[in-house]
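Please explain how the charged side chains of this protein pair with one another, and then describe its backbone exceptions and one of its helices.

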Amino acid sequence: MITVLQVIDTGGPGGAETIFLQTATMLDPRRFKTVSQVSRDGWLADQLRRKGTVPLIRNADGSFNFRYLWQMTRLVREMHVDVIVAHLFGSSVYATLVSLATGVPAIVILHGQSDINDIGRLASLKRRLVRSLPQRIVFVSEALRTQMSKALMLPQAKCVVVPNGVDVERFRPRDRGVLRDLLGLRADSILVGAVGNIRRPKGYEVLLHAAHTLHAQSSRYRFVVVGEASGSLYEDLLGLRSQLGLDDVFHFLGMRNDVAALLPDFDIFALSSHTEGFSIACVEAMACGVPVVCTRCGGPEEIVEHDCSGLLVPKSDPAALASAIHRVAMDESLASRLARHGLGRAKSRFTLSTMLASYERLLEETASDAKRPTREAKPELGS
């Protein structure tokens, strides 16, 4: 039995938190015992409890939290942890230090470029720690590995790509549900939807401008965004919506727990992001048989085969996004072909079972390597 400590310094909801939840609760219980540590109560902690896991809540606030470091070190020793798995860059810094102090191997999972955009004080030291100490550094796409391994100057021998996966039993084609009734749509409305929290990397201002162009072309278009909506950016987007005259056309639904039931109501899934490490929402839409239009922002280029399983457009280009959406909306045979091939690609390449099997192999290899005697020197922290 391999004891795994999974740590993350956020509380969700979000893509990284979803992968944390899945890997913390769905590894083979005959081979793995998982201890979960999150930084605050909230969505992720609640989801863990619903899955029958009691999370440890440890406050990780601050550029460097010595108490948090001490608590994690003590936990690793008391629980006889075999492998530490850290999600996101902040948790990875602490995990590498705990690994150094205890000798327990660490695996770092980096989910997006934003992981390293704001890492606070001692940035150079933190980068050197993550570069030098973990046994494996996992990226959720090849594009992210290329970007971040260069930025962090990572040794390629440590770098591994494990694409995210979705539950294709839960996310699957089905009859339309309640979303259209909820929005009061006409039968001939064209519903363009996006899924993702209101964050700057999501580029929702681009989608709003594209929506303005599309609504001018046809009054049949309606738009919806499903995801956590709060803060100053959300207020700015509401202001832009009003400025563009889309108050009755473009809907923000906020956080929903029934995304799998809502996606089949979309005629087209649109992703307007400036940057994506992967895009779980894109694969979820494909698995539901919804044609997708995505910006070329990193991860989607590895998910979508252009003009086969979806359409790819330049990022930060509302006109190109609007044109691609309109093309799919006006061509029923194209929409059907994209949906069919997208569904096949999701089920063959990006399933939850495939992802979990990859992490299980990685954990077993890391635990096994740590038990082998070695005469190699410990890694240096120099650049």
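**Salt bridges, backbone and a helix face**

The count comes to 19 salt bridges, a salt bridge being a side-chain nitrogen of Lys or Arg within 4 Å of a carboxyl oxygen of Asp or Glu. The model is predicted: local features need pLDDT of at least 70 and side-chain atom pairs count only at pLDDT 80 or more, while totals for chains, interfaces and linings use all residues. Residues are numbered from 1 along each chain as its sequence is written, and side-chain values use heavy atoms, with hydrogens and water left out.

Side chains of opposite charge can pair when their charged atoms come close. Arg 74 forms such a bridge with Glu 78, their closest N and O atoms being 2.8 Å apart. Arg 74 and Glu 78 are 4 residues apart in helix 3 (residues 66-78), so about one helical turn separates them; helices (H or I, at least four residues) and strands (E, at least two) are DSSP runs, numbered from the N terminus. Arg 74 is partly exposed at 44% relative accessibility; here buried means under 20% relative accessible area, exposed over 50%, and partly exposed in between (1.4 Å probe, protein chains only). Glu 78 is also partly exposed, at 47%.

Asp 267 forms a salt bridge with Arg 180, with 2.4 Å between the closest N and O atoms. This pair links distant parts of the chain, 87 residues apart: Asp 267 belongs to the loop between helix 10 (259-262) and strand 11 (268-271), and Arg 180 to helix 7. Asp 267 is partly exposed at 22% relative accessibility, whereas Arg 180 is buried at 9%. Elsewhere, salt bridges that share partners join Asp 28, Arg 30, Arg 31, Glu 360 and Glu 364 into one network.

Helix 6 (residues 142-152) has as its buried residues Leu 144, Arg 145, Met 148, Ser 149 and Leu 152. Seen down the helix axis, these residues fall within an arc of 110° and therefore line one face of helix 6; the arc is that of the directions from the helix axis to the C-beta atoms. The face turned away from the buried side carries the exposed residues Thr 146 and Lys 150. Just after helix 6, Met 153 takes a positive phi of about 55°, and Met 153 is exposed, with a relative accessible area of 55%.

Most residues other than glycine have a negative phi, and most peptide bonds are trans. Asp 307 has a positive phi near 65° and is found in the loop between helix 12 (300-303) and strand 13 (311-313). A cis peptide bond, with omega about 0°, joins Gly 12 and Pro 13.
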